[in-house]
Amino acid sequence: MKNKRRPVVMLCAFIITLISALFSLCLGAARISLSELYNALLNGPVSSQGYILWYVRMPRTAACLLSGMALSVSGAVIQAVLNNKLASPGIIGVNSGAGLAVTICCAFGLLSGWTVSAAAFIGAMLTVFLIVFAAQKTGASRTTVILGGVAINSLLNALSEALTTLFPEIAMLSSDFRIGDFSSVTASRLIPAGILIAAALALLFTLSNDLDVLSLGEDTARGLGMPVRRMRTVFLVLAAMLAGASVSFAGLLGFVGLLVPHAARKLIGSDSRYLLPLCAIGGAGFVTLCDLAARTLFAPYELAVGILMAVIGGPFFLFVLLKRKGGHADA
Amino acid sequence: MLEIRNLSAGYSSVPVLHDISLSIPSGKITVIVGPNGCGKSTLLKALVGIIPCMSGEVLLGGEHLHRLTTQEQAKRIAYLPQDRRIPDTTVMRLVLHGRFPYLGYPRRYRHEDVQTALSALRRMGIDTLAEQPLNTLSGGMRQKAYIAMALAQAAPVILMDEPNAFLDISHQLQLSNQVRELAEDGKTVILVLHDLAMALKLADHLVVIKDGRVLHHGSPDEALRSGSLSGAFNVKIHPIQTPDGRQYYFTPLERN
């Protein structure tokens with residue numbers, strides 16, 4: 001029955017995301033009507049509305065779409081590879097690793113888009129390998145991996161915090177970066193991250209059968225001829241690429257990588273051929289909607305999107321935990 | 001013919017298997033038995049390459065198995081581990097994954113893969129369940145889906161680690177028949193079994209392992225006669241003739 005639902009769910013997710021993106025372009029302190037939007041898109045940044053659209057709204061909307069896609073797909077992949085549906089780049093500390101790397105970059109004044117993206121990617125990857133290495137070394141259970149990730153998460157956050165105190169001139173790392181925010185997104189930072197995200201997504205979409213075979217369990221996958229360790233590494237590198245790229249411009253946006261894959265799986269099942277695209281589309285729409293709500297609901301105050309997300313995500317995480325206790329085979 | 005020569009293997013440099021040498025006949029059922037922790041599952045894992053071999057070699061039809069890529073190995077040996085997940089997927093998708101070793105680029109299953117998977121489903125009599133989610137099936141049906149997956153793999157050798165675990169008696173008997181049919185089709189089937197009575201009835205070739213060493217290999221009758229079987233398990237084995245063939249029951253060895 002989940003199979004038959006797929007096209008409908010995909011289409012709905014796509015339409016919702018499209019509409020969210022349109023609203024995200026039009027709504028804000030200065031409203032832009034659809035006809036003005038059309039003109040400004042055609043004529044470029046000539047009018048004041050065109051200027052707002054091209055230099056403020058478009059980078060911001062693109063950032064929402066990109067980070068939503070990246071974090072959701074990264075979460076889905078990490079959950080499949082670790083065989084743990086409580087895992088996500090935010091929870092096991094991958095985002096924090098990327099965040100620490102970005103903080104170090106800023107502390108040394110390395111602020112170009114490519115440097116920050118690359119650093120975030122490396123930070124995310126090192127964290128992933130630290131967790132996987134620790135898990136394999138100790139033969140840790142699935143819960144231990146999560147707990148280890150949580151420990152690493154707080155350690156990395158503390159290091160970032162200490163750096164920000166020691167280098168007060170790190171202007172960009174305001175509290176907004178800690179919680180995740182799109183208000184300071186620029187195209188120069190977005191483009192390198194966007195390229196990384198596009199490349200990782202393209203590769204992941206072609207490897208969906210591999211990801212499904214890996215989810216059958218290490219021994220079965222090996223029996224089917226998969227070089228399990230190598231493929232696991234490939235998937236984790238790609239997931240780190242996605243999370244790192246997102247952190248480089250959006251900060252430490254939590255919960256997206258947990259919430260969206262969960263909802264998507266509930267709707268259409270775990271078949272990666274459909275799950276990954278749905279996570280990409282749905283994640284993009286979800287983050288755009290949250291950002292839209294965060295900056296319009298309490299206008300003229302603008303909430304950091306991460307705050308709103310934590311308000312939704314915290315209870316959701318609890319809900320998932322409580323449901324697991326019911327002993328569901330798939331949870 | 002699968003030739004295992006002087007194989008030693010184990011976990012993180014502690015050998016579990018010591019100097020195993022066996023020739024496993026093609027198109028026959030070989031059953032590996034032994035007390036808990038003797039290394040029988042480890043032997044299967046070492047054959048598949050999940051556990052690296054410390055020394056020795058494995059030859060299949062004259063080829064060095066472990067010099068092949070994992071993909072090429074999987075075209076020759078199918079493996080059903082003891083610990084099988086219940087993935088959130090349909091029967092058809094699971095069986096289709098049996099074609100994984102044949103995936104090229106782009107990494108999509110082709111029409112002939114679907115055909116092979118379908119005929120494996122029919123072979124196991126579960127083609128009507130193709131679109132069912134695996135987690136709605138009974139343990140026996142899921143077992144059949146996994147065997148269909150191994151069939152779709154089209155490997156001449158099939159390894160199964162305790163395929164009858166958690167099956168009710170009717171499904172256990174069905175499993176025996178299916179394994180027998182696979183061998184009649186020319187597959188080399190290697191099973192690890194806990195159930196000694198089933199092992200004695202099913203095996204063409206019985207391998208008794210204790211403490212990581214081969215105690216005996218040959219026909220079940222030889223294993224009975226030599227006393228290695230009762231020695232390995234510390235039991236007395238009583239064959240009884242019944243209208244349905246020979247059956248076995250076991251009593252503990254009396255201590256002096």
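Modeller: The radius of gyration is taken over C-alpha atoms, and the globule rule is 2.2 Å times the number of residues to the power 0.38. The structure shown here is a predicted model.

Colleague: What makes the radius of gyration of chain B agree with that of a compact globule?

Modeller: For 256 residues a compact globule would have a radius of gyration near 18 Å, and chain B has 19 Å, so the two agree. Along its principal axes, the C-alpha trace of chain B spans about 65 × 45 × 30 Å.

Colleague: How many helices and strands does chain A have, and why is chain A called as compact as a globular protein of its length?

Modeller: Chain A holds 14 helices and zero strands. Its radius of gyration is 20 Å, close to the 20 Å that the globule rule gives for 331 residues, and therefore chain A is as compact as a globular protein of that length.

Colleague: What share of the residues in chain B is called buried, and on what cut-off does that rest?

Modeller: Buried means under 20% relative accessible area, and buried residues make up 51% of the 256 residues in chain B. In chain A, buried residues make up 54% of the 331 residues.

Colleague: How do you know what share of the accessible surface of chain A belongs to carbon and sulfur atoms?

Modeller: The accessible surface of chain A was computed with the Shrake-Rupley method and a 1.4 Å probe; this surface comes to about 14100 Å², and 72% of it belongs to carbon and sulfur atoms. For chain B the accessible surface is about 11500 Å², with 51% belonging to carbon and sulfur atoms.

Technical notes:
Residues are numbered from 1 along each chain as its sequence is written. Chains are lettered from A and ligands numbered from 1 in the order in which they are written. This is a predicted model: local features need pLDDT of at least 70, side-chain atom pairs count only at pLDDT 80 or more; totals for chains, interfaces and linings use all residues. Side-chain values use heavy atoms; hydrogens and water are left out. Helices (H or I, at least four residues) and strands (E, at least two) are DSSP runs, numbered from the N terminus. Buried means under 20% relative accessible area, exposed over 50%, partly exposed in between (1.4 Å probe, protein chains only).
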